[in-house]
Amino acid sequence: SMISAIHSDRLKIYNSLKNNYTCLNGYFYLFERRLVYLKQKYINKSLEFTGVQDADINFVPLKLDETLRVYSDSNIIVDFTHPKQNGFTMRTIESIGSRCKLITNNKKILCCDFYDPQNIYVYDDGKFEIPDNFLITGYKELPEKLFGYYSINGWIKEMIE
């Protein structure tokens with residue numbers, strides 16, 4: 001699944017998934033404000049928007065309960081960290097909570113205690129390719145202590161202590 005607002009290279013990732021991984025039964029939800037989308041596509045004629053159909057874009061953010069339902073039904077969550085972001089996206093933590101694999105461009109994840117190459121694939125910004133073996137192998141459960149640490153209860157406990 002890929003649920004995201006449109007910025008930077010996210011449309012390239014979406015187009016690659018849509019065009020090169022048709023065998024996957026994916027869920028895609030792209031959100032953008034209507035005026036921004038129309039300006040970028042029809043006035044600025046931004047290259048990122050070529051190949052994107054108007055019907056592919058949603059002008060209302062996905063509700064939280066629907067997001068949680070999608071993630072609970074997903075095996076893999078696709079993430080693209082904004083170039084100016086320092087740290088992890090919510091999708092990183094949501095993938096842990098949903099016990100989903102994660103595909104991300106955030107190389108900082110390689111140094112994390114929860115990083116496991118069976119669960120997390122880090123792609124290059126310039127070249128989005130997913131190895132077949134990552135797609136066909138199952139999710140590897142995190143140790144319960146680690147899973148608990150990254151849960152909301154673990155976060156609250158960390159904040160209080």
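Modeller: With neighbours within four places in sequence left aside, threonine 89 is in contact with Asp79 and Thr81. The model is a predicted one. Threonine 89 is found in the loop that runs between S4 and H4. Is threonine 89 buried or exposed? Its relative accessibility is 5%, and buried means under 20%, so threonine 89 counts as buried. Sequence and space can also be set side by side for this residue. Threonine 89 is 84 residues away from alanine 5 along the sequence, while their C-alpha atoms are 12 Å apart in space.

Helix H4 covers residues 90-97, and strand S4 covers residues 76-78. What is H4 part of? H4 supplies three residues to the lining of the largest cavity, and this is the largest share. That cavity has a volume of about 70 Å³. Its lining is made up of Thr92, Ser95, Ile96, Cys100, Leu102, Phe114, Asn119, Ile120, Tyr139 and Leu142. Over the whole structure, a search finds two cavities of 30 Å³ or more. The idea behind such a search is simple: rolling a probe the size of a water molecule over the atoms shows where empty space is left.

Within H1, the buried residues are Arg10, Leu11, Ile13, Tyr14, Asn15, Ser16 and Leu17. Two of these names return in the largest nonpolar core. This core has 20 residues, and Ile13, Leu17, Ile103 and Phe128 have the most contacts inside it. Helix H1 (10-20) and strand S4 each supply at least two of its residues. The largest share, four residues, is from H1. Apart from this core lies another one, which has 18 residues, including Phe31, Leu62, Ile77 and Cys112.

Isoleucine 103 is worth a separate look. Once neighbours within four places in sequence are left aside, isoleucine 103 is in contact with Ile76, Ile77, Val78, Asp79, Tyr121, Tyr123, Phe128, Ile130 and Phe134. Asp79 is on this list, and Asp79 is also in contact with threonine 89.

Next come the strands. Three strands form an open sheet in the order S1-S2-S3, and their pairing is parallel. Why is one side of S1 and of S3 left without a neighbour in the sheet? Strand S1 (2-5) and strand S3 (57-58) are at the edges and have a single partner strand each, so one side of each has no neighbour in the sheet. Strand S2, residues 28-31, runs parallel to S3 and is joined to it by two bridges. Phenylalanine 31 is placed opposite asparagine 58 of S3. Phe31 was named above as one of the residues of the core of 18.

Last come the charged side chains. Side chains of opposite charge can pair when their charged atoms come close. The structure holds 10 salt bridges. One of them joins the side chains of aspartate 54 and lysine 41, at 3.5 Å from N to O. Aspartate 54 is in the loop between helix H2 (34-43) and S3, and lysine 41 is in H2, so this pair ties together parts 13 residues apart in sequence. Lysine 41 is buried, at a relative accessible area of 18%, whereas aspartate 54 is partly exposed, at 37%.

Another salt bridge joins aspartate 124 and lysine 107 through their side chains, at 3.4 Å from N to O. This pair links distant parts of the chain, 17 residues apart: aspartate 124 is in the loop between strand S6 (120-122) and helix H5 (132-136), and lysine 107 is in the loop between strand S5 (101-104) and S6. Both count as partly exposed, aspartate 124 with 47% relative accessibility and lysine 107 with 43%.

The side chains of lysine 127 and glutamate 129 also meet in a salt bridge, at 3.6 Å from N to O. Here lysine 127 is exposed, with a relative accessible area of 53%, and glutamate 129 is partly exposed, with 43%. Elsewhere, a network of salt bridges links Glu66, Arg69 and Asp73.

Notes. Residues are numbered from 1 along each chain as its sequence is written. This is a predicted model: local features need pLDDT of at least 70, side-chain atom pairs count only at pLDDT 80 or more; totals for chains, interfaces and linings use all residues. Side-chain values use heavy atoms; hydrogens and water are left out. Two strands pair if DSSP finds at least two bridges between them. A salt bridge is a side-chain nitrogen of Lys or Arg within 4 Å of a carboxyl oxygen of Asp or Glu. Buried means under 20% relative accessible area, exposed over 50%, partly exposed in between (1.4 Å probe, protein chains only). A nonpolar core is a set of buried Ala, Val, Leu, Ile, Met, Phe, Trp, Tyr and Cys residues joined through side-chain atoms within 4.5 Å. Contact means heavy atoms within 4.5 Å. On a 1 Å grid over the protein atoms alone, a cavity is a set of points where a 1.4 Å probe fits but cannot get out, and a pocket is an open set with protein on both sides within 12 Å along at least five of seven lines; lining residues have an atom within 4 Å of a point. Grid points are joined across faces, edges and corners, and a volume is the space filled by probe spheres set on the points.
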